[in-house]
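Dear colleague,

I am handing over the structure below, and after it you will find notes on what turned up. Please read them alongside the coordinates.

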Amino acid sequence: MADNPDREPSDAHSSEGVAGAVLGYLLAGILVWGFLGWLAEGFLGVPAGVGIAVGMMLGAAAAIYLIMKRLGA
Amino acid sequence: MDVLAALEGNLNTVGYGLAAIGPGIGVALVFAAYIQASARQPESAGFNRTWLVLGFALVEALALFGLVLAFALS
Amino acid sequence: MSGQLVVAQDLPWPPSVNDFYPPAVAGPWVTKFTLMVWLAVGLVIIFYMTAYRNPKLVPSKGQWLAESVYGLVRDNITREQMGNAGIRFAPYFTVLFSFILLTNIFSIVPGLQISPNSHIAFPIVLTAISYVLYLAVGVRKHGLFKYLKMTLIIPGVPWPMHFLLVPIEFLQNFINRPVTLALRLFANMFAGHLLLLVFTVGGFVMLSADNLFVQVTSVFSFVMAIVMAFFEVLVAVLQAYVFVTLTANYVGTSLAEEH
């Protein structure tokens, strides 16, 4: 994407930066909310696996939303 | 019952290996489509990039589910 | 048995983590890695000192090399990632690039044959410098509170979403970034050394086998070892480039104006 005509000069994210950031945000979201879901599962006494699954879905959704806000637009 | 094959170690690694097949193909398709689109129509590259990032993120999330679950489930 | 085959008996097979701990040279504090890092530091200092001691309009070979490395880092990495405001960081990035490149190349230099970066301690220190650098630059430019607000809070998002997003941003910006930076360099050099060990030592082990067919097949193992040595050069250059590019990118995001 080096000679893409409509890229902004200084604020544009490089392709390496974007790939790393997408992976990092996704992993961070899934880890944080998966972990919180796992904790909540222990406290609330939900059957095992429900909390972590819901947490991971939520985290992935939040991460994708964040990626679109930060990098997509 | 005769044992035909046995596996030592953690089965989660095999599970993650299987879970990575689909997203691997998916990521390849996403990038192939992006490269093809911007080769045919270079001026659309900036516009398509948003959808590239979204598609990559959606597909890669599945692989990361597998990665996290491989560590989390015991 | 010929002499070569006797050697194969002593070679460690299969390669393991123990191969990354050569015996200490003098006491527990002076190891092969200590000496290699000092060697790299000395080489970088001497190279840039001699290249720039007497700069000429028509450069000598040394000056030309030093200038092209600096030009690459300044134009292709720093300006690309940070814009013109980042040029003042280019000297540090040049030294960082030269040091990482040199220590990575050590993995295939005869006699040294292992990169200090295949021990996690060295990438961790390099990453710690980058980490402190981009935090310090951000805090100095924007002030602590505004810098935190800038990195953690995304503008134009309905406020309940912040509960969801702030932990993710925190993990990404303050934990994920340095960890992946250090781990990427370490893992590449570690895996590269292991790969070379597998093919070279494996070749000798195959050569010392009783079976004639296995002995002949060891040729392929040695050929692969040579191919992998060239591949190591590529990985060494690429990882040095990626490390510096990402550092520049992180410092650049700290420098960026609020939007």
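A polar contact is taken here as a pair of N or O atoms within 3.5 Å, where within protein one must be able to donate a hydrogen and the other to accept it. Please keep in mind that this is a predicted model.

With that cut-off in hand, consider C:Ser118, which sits in the loop between α4 (90–105) and α5 (121–142) of chain C. A polar atom of its side chain lies 2.6 Å from the backbone oxygen of C:Ser115. Because its relative accessibility is 3%, C:Ser118 counts as buried, and, leaving aside residues up to four places away in sequence, it touches C:Phe20, C:Phe186, C:Met189 and C:Phe190.

The other topic is the contact between chain A and chain C, to which chain A gives 22 residues and chain C gives 26 residues. The two chains bury about 2,000 Å² between them, with 62% of that area on carbon and sulfur atoms. Between chain A and chain C the count is one salt bridge, formed by C:Glu169 and A:Arg70 with their closest N and O atoms 2.7 Å apart, while six residue pairs are in polar contact, both residues being at pLDDT 80 or more.

On the side of chain A that touches chain C, the elements giving two or more residues are α1 (15–44) and α2 (50–72) of chain A, and the largest share, 10 residues, comes from α1(A). By class, that side of chain A has 11 nonpolar, six polar and five charged residues.

With best regards

Definitions and conventions: Residues are numbered from 1 along each chain as its sequence is written. Chains are lettered from A and ligands numbered from 1 in the order in which they are written. This is a predicted model: local features need pLDDT of at least 70, side-chain atom pairs count only at pLDDT 80 or more; totals for chains, interfaces and linings use all residues. Side-chain values use heavy atoms; hydrogens and water are left out. Helices (H or I, at least four residues) and strands (E, at least two) are DSSP runs, numbered from the N terminus. Buried means under 20% relative accessible area, exposed over 50%, partly exposed in between (1.4 Å probe, protein chains only). Contact means heavy atoms within 4.5 Å. Buried area is the accessible area (1.4 Å probe) that two parts lose on being put together, summed over both. A salt bridge is a side-chain nitrogen of Lys or Arg within 4 Å of a carboxyl oxygen of Asp or Glu. Ala, Val, Leu, Ile, Met, Phe, Trp, Tyr, Cys and Pro count as nonpolar, Asp, Glu, Lys and Arg as charged, and the others, Gly among them, as polar.
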